[in-house]
Amino acid sequence: MTLRQEIVGNAMQMAIVNLRPGQTVYCEAGKFLFKTTNVTMETRLGGPSNAGGQPSQGGGSGGMGGMLRQAMGTAMQAGQRALAGESLAFQYFSAQGGEGTVAFAGVLPGEMRALELDGTRAWFAEKDAFVAAESTVDFGIAFQGGRTGMKGGEGFVLEKFTGRGTVIIAGAGNFIDLDPADFGGRVEVDTGCVVAFEEGIRYGVQRVGGLNRQGVMNAVFGGEGLSLATLEGSGRVILQSLTIEGLANALRKAQGGDKQGPTGGLFSTSSG
């Protein structure tokens, strides 16, 4: 069943979801807004199982061995989320005795988007972009480290969504949709502007310029630091017009605490 949802609002959008009887949707802790009384809410450490798309249960048909495997799987999933700096728990909502309504929102002023997964392609999203999804959508963590992360001087953690159904994501500012294939097959963007992209897009990190005069100027005075994100191939990409670091700097400046000065870049005193 397709998830019936409507994204409303402007500067701070929210998703209103209409659940059919027995239909389940889950969200990251802290993204829930309100629900009708016939919608049950339960907090769990585990995500949906690959088999049935339902929350992991303590029992099962596998006896003690099955329970142990489930417990180990839940612990590994929680451990991955902890390493990624994500919330450890999910909240599950199900309609009982009729249709019900539940609403979710992101944590920053900006847009939301409902992505429809058909089982053929996964979607990857920035950390904290996830808001809610049908129980038929599996949530995972993808670590973009190794050479890709080291090349830019940092590693990246992405949220990964597979399966079939609707997943709702949120970002800051306005969304920009593009396909790198329309721009010669490759785009380079601020690392904080990437919201989500389809499987098949190659995601990497590169240094801003070389170790020469212009490269130093870009890093020190350009406000971008030492690296840019690269997106290559053909597929959907969603960028955001506002970065979390940019918002934090603007708030600090408004409070009189901005010590970044005119140089930006490496001279920023931002702790983020």
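**Strands, rings and a buried core**

Phe130 touches Tyr26, Cys27, Glu28, Lys31, Phe90, Phe139, Glu159, Phe161, Val167 and Ile168, leaving aside residues up to four places away in sequence; contact here means heavy atoms within 4.5 Å. The structure is a predicted model, where local features need pLDDT of at least 70 and side-chain atom pairs count only at pLDDT 80 or more, while totals for chains, interfaces and linings use all residues. Residues are numbered from 1 along each chain as its sequence is written, and side-chain values use heavy atoms, with hydrogens and water left out.

Now for the overall picture. The chain has four helices and 18 strands; both are DSSP runs numbered from the N terminus (helices H or I with at least four residues, strands E with at least two). Of the 272 residues in the chain, 44% are buried, with buried meaning under 20% relative accessible area, exposed over 50% and partly exposed in between (1.4 Å probe, protein chains only). Among contacts with a separation of 6 or more, 79% join residues 24 or more positions apart. The accessible surface comes to about 13600 Å², and carbon and sulfur atoms hold 55% of that; these areas come from the Shrake-Rupley method with a 1.4 Å probe, and for residues only the protein chains shown count as cover.

Back to the neighbourhood of Phe130. The largest nonpolar core has 20 residues, and those with the most contacts inside it are Tyr26, Phe130, Phe161, Val167 and Ile169. Such a core is a set of buried Ala, Val, Leu, Ile, Met, Phe, Trp, Tyr and Cys residues joined through side-chain atoms within 4.5 Å. The elements giving two or more residues to this core are β6, β8 (112-118), β9, β10, β11 (137-144), β12 (156-170) and β15.

Aromatic rings come next. A search of the whole structure turns up twelve aromatic pairs. Rings of Phe, Tyr and Trp (its six-membered ring) pair if their centres lie within 6.5 Å, and planes under 30 degrees apart count as stacked, over 60 as edge-to-face and the rest as tilted. Tyr26 and Phe130 make a tilted pair, at 5.6 Å centre to centre with 40° between the planes. Since Tyr26 lies in strand β3 and Phe130 in strand β10, the pair ties together parts that are 104 residues apart in sequence. Both Tyr26 and Phe130 are buried. Phe124 and Phe197, in contrast, form a stacked pair, at 5.6 Å centre to centre with 20° between the planes. This pair also links distant parts of the chain, with Phe124 in strand β9 (residues 123-126) and Phe197 in strand β15 (residues 194-198), 73 residues apart. Phe124 and Phe197 are both buried. Ring pairs also join Tyr26, Phe90, Tyr92, Phe130, Phe139 and Phe161 into a cluster.

Two strands pair if DSSP finds at least two bridges between them. β3 pairs in the antiparallel sense with strand β6 (residues 90-95) over five bridges, and Thr24 stands opposite Ser94 in β6. β3 also pairs in the antiparallel sense with strand β10 (residues 130-134), this time over three bridges, with Val25 opposite Glu134 in β10.

Six of its six residues are buried, so β7 is largely enclosed by the rest of the structure. Gly100, Val102 and Phe104 cover one side, and Thr101, Ala103 and Ala105 the other. Six bridges join β7 to strand β2 (residues 14-19), and the two run antiparallel; Leu19 stands opposite Gly100 there. Three bridges join β7 to strand β4 (residues 32-35), again antiparallel, with Lys35 opposite Val102.

An open sheet of three strands has the order β14-β17-β16, with antiparallel pairing. β14 (186-189) and β16 (202-207) stand at the edges with a single partner strand each, so one side of each is left without a neighbour in the sheet. β14 and strand β17 (residues 227-232) share four bridges, and Val187 has Leu231 as its bridge partner.

Finally, Ile238 is found in strand β18 (residues 237-240) and counts as buried because its relative accessibility is 0%. Ile238 and Ala196 are 42 residues apart in sequence but 5.2 Å apart in space, C-alpha to C-alpha.
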